[in-house]
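Please walk through the structure below, one region at a time.

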Amino acid sequence: MPRTNAELTTLLEHRPELAAAPSLDVVERLLARPEPAIPVLLGLDADCHVVSQAVQAAGGATTRERLAAALHDPRGRLGEVLGTLAAHGLLTLDGPSVRSPHRGGLWAHPFGLGRPLRELAGELSAETLKTLVSAHGGRARGRRAELAAEAGRLLADGAAVRARAARLPRQAADLLRTMAGGRPVLESEQVYFGSGVRTHPVQRLVEAGFVVRDGWAYEMPREIGLALRGDGWRPALTGQPGVPVREAGPAADGVGAALRALDLVEALVELATDTPLTELKAGGVGTRELRRAAKALGVTEQEVTLWLDVAHAAALIASDGGERLTGTTLADDWLARSPAARWRVLAAAWHGLPQAATHRVVGCCEGHLDPLPPPYVFECGAGAIRRAVLDTLRTLPEGVGAEASGLMTAVHWRTRAAAESPPAAEPFVTAALREGDLLGLTTDGALTHLGRTYLATPGASGGEPEELAALFPVPALTVTLQNDLTAIVTGLPAPALAAFLGSCADLESRDRASVWRFSERSVRRALDAGADAESLLAGLARHSAKDVPQALRYLVTDTARKHGTLKVAAAPSVVIAADAVTLTGLCRAKSLRKLALQQVAPTVALSARPPEETLRLLREAGQAPVALAPDGTIRAEPARRPRLTVDAEPAPDPAATAAAMLKGTATSGTAEALALAAMTGELVVIVSQRREHYMDDLAIAGDAITGYCHDCDRGHTFDRARVTRAYLP
């Protein structure tokens, strides 16, 4: 149990779901519950599983010295593993003592062994114990306690137990090996199904004293399992298995791929803002929209699924009412950051995805290998496998790489997800390497400098550690303006420069240098947004490394002179021209027949279309109209369609949360029920204003409790102060 702020902070860093607990007392009770602890343990490596089972086999409390004697630890990993388990709240370390907070333990059968005789003896009849003693050559006399002691003495002779096992019939011997190898309990229904109990091999094992019947199950005592495994058998801490490697050459920095990723995600966000991606009725983006997005970005459909998943996970795009995916207001904040900070947001979003973006299958069995449309998340083992791949590559020296097949043994050691997703485990590893290459974290089966720095840098995803920022080129603050109406930015443009150029020019290409082109249309776009010729030329002079070329000055001033010669008001729309000749030509133009313009005065015509459509069609015909506000002034138009408003989630602060918990005094069952429901997502009943609400998918942020209410059939938010009671049904 953590007692100091530092210990509690470390726990919350590894178990952020515990942040919903209001006090240290509730944290302690939550840590004692096995339900939330089991997935945490299964997310750790195989050596953590071995130590956890050893502590449980010792009764839940032992010492470091006894653990060291019970385990084979040639690499001296015990101390590190104990620290990992304690940091995740799975063990409590107090000097030399080691205790588990889970009274019943987290393993049904530690090391695949049955219960010891001292536990079984209280449930077995005297006749069963006599059979066990007699079968191993002992004198079956006395009471149950004496019989149990005699049985323990006989089973301590491992050589004699193995000798008797060697004389068993073949079928009984096969079953004995199965039970001793990790399945120490055989349920009665398994015995009765397909055979009579008297002829089943398990009955022969009962008569031979290798198995005892406990109610409706047959169980092999732990002493027999240990004897059959041989004298001196001890569970081993192995460390990560070796990984076959090959020369990969000098380590790449990964910055080129990272900059390309930034460009593609930015292009995807702008595409989704300008022309939102239509969602399928069942959710996700279908093949047709994927192809459109892939063509617009100039990438494959497989790659565009990665950028969709990453942008959605980073909340740069979101669903607009469940019908379309569009850019969000968080994208504007993201674009204003430095390249290193922007890339770190993408890397963190990808690192935390539960699915494989480029192999979107559940993968638990052959029947779940159909790809699911992006970008929505679903639970599978791909996320754990991805993180295991990166952690494995981190252990390899620079200059060597590994194939996906060569990583499998180490991945199996690091996470059970590989065993739980057998049909897709290796494709998930391949997907992790493929996606890591596209993001700049990996190349040729090895971590890049960028990847190693990211994995070694703690902190929130939105930060900008100096080590990471140093790998990216310094953003350019100036632009070179050319006589051919192009602008060249060497390297990566600073956010302010990129925003200015994006407002009045069109991006043509971006590699080691960015090329932007000015045109009458791009300049008119800036004027439509409220700029004028003077402010545009001043901005160009401010950002330019030399004088603004004469050709560009003429373009800006000529476009500004024509800008606003037509004005569009609402009635449904009114077109007002600067001169009668221009308006007469527009009324006769075949390209504007959709407007059905009717000239009602020398310089005024009525349009049959709304103002926005009238503006669009006039601009497509090469005109430069402006919109009028209701008061008759020119209305500036936003450069982009408004983003979908999305609130940024506050970055977790484990230290601040830990300090608040240490001050908390709440110890009620209500607080515990709310915290547990927030951790597990299970159903909880909340009583507020004398009404019961059956809630799941609970989230707690400060004093606000949100979740899905089955009574209201919608999302519901409660003020914690108004919750009179909460309990798990």
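The second largest pocket is lined by 42 residues, and those nearest its centre are Asp263, Glu266, Leu507, Arg510 and Trp516. A pocket here is an open set of points on a 1 Å grid over the protein atoms alone, with protein on both sides within 12 Å along at least five of seven lines, and lining residues have an atom within 4 Å of a point. The volume of this second largest pocket is about 1,400 Å³; a volume is the space filled by probe spheres set on the points, which are joined across faces, edges and corners. At least two lining residues each come from α15 (255-274), α16 (287-297), α18 (329-335), α26 (495-504), β16 (506-510) and β17 (513-517). Helix α15 gives the most to the lining of the second largest pocket, 12 residues. Helices (H or I, at least four residues) and strands (E, at least two) are DSSP runs, numbered from the N terminus.

The model is predicted: local features need pLDDT of at least 70 and side-chain atom pairs count only at pLDDT 80 or more, while totals for chains, interfaces and linings use all residues. Residues are numbered from 1 along each chain as its sequence is written, and side-chain values use heavy atoms, with hydrogens and water left out.

A cavity is a set of grid points where a 1.4 Å probe fits but cannot get out, and the count comes to 2 cavities of 30 Å³ or more. The largest cavity has a volume of about 70 Å³. Its lining consists of Ser52, Val55, Gln56, Leu90, Leu91, Ser100, His102, Gly105, Leu106 and Trp107.

Helix α6 (residues 78-87) has Leu78, Val81, Leu82, Leu85 and Ala87 as its buried residues, where buried means under 20% relative accessible area, exposed over 50% and partly exposed in between (1.4 Å probe, protein chains only). These buried residues pack against α1 (5-14), α3 (34-42), α4 (46-57), α5 (64-70), β2 (92-94) and β3 (97-99). After α6 comes Gly89, with a positive phi near 75°. Helix α31 (residues 611-620) buries Thr614, Leu615, Leu617, Leu618 and Arg619, and is followed by Gly622, whose phi is positive, near 95°.

Arg386 is in helix α20. What is the nearest side chain of opposite charge to this buried arginine? Glu435 is, 4.2 Å away, and Arg386 has no salt bridge, a term for a side-chain nitrogen of Lys or Arg within 4 Å of a carboxyl oxygen of Asp or Glu. For charge, Lys and Arg count as positive and Asp and Glu as negative; His and the chain ends are not counted. The side chain of Arg386 does reach the backbone oxygen of Gln355, at 2.5 Å. Not counting residues up to four places away in sequence, Arg386 touches residues including Trp350, Leu353, Ala432 and Glu435, contact being heavy atoms within 4.5 Å.

Some backbone details remain. The peptide bond from Pro374 to Pro375 is cis, with omega near 10°, and Pro375 lies in the loop between α19 (339-351) and α20 (382-395). Leu485, a residue other than glycine, has a positive phi near 65° and is in the loop between β14 (480-481) and β15 (486-490). Ala596 also has a positive phi, near 50°.

Notes:
Polar contact = N/O pair within 3.5 Å; in protein donor to acceptor, adjacent residues only side chain to side chain.
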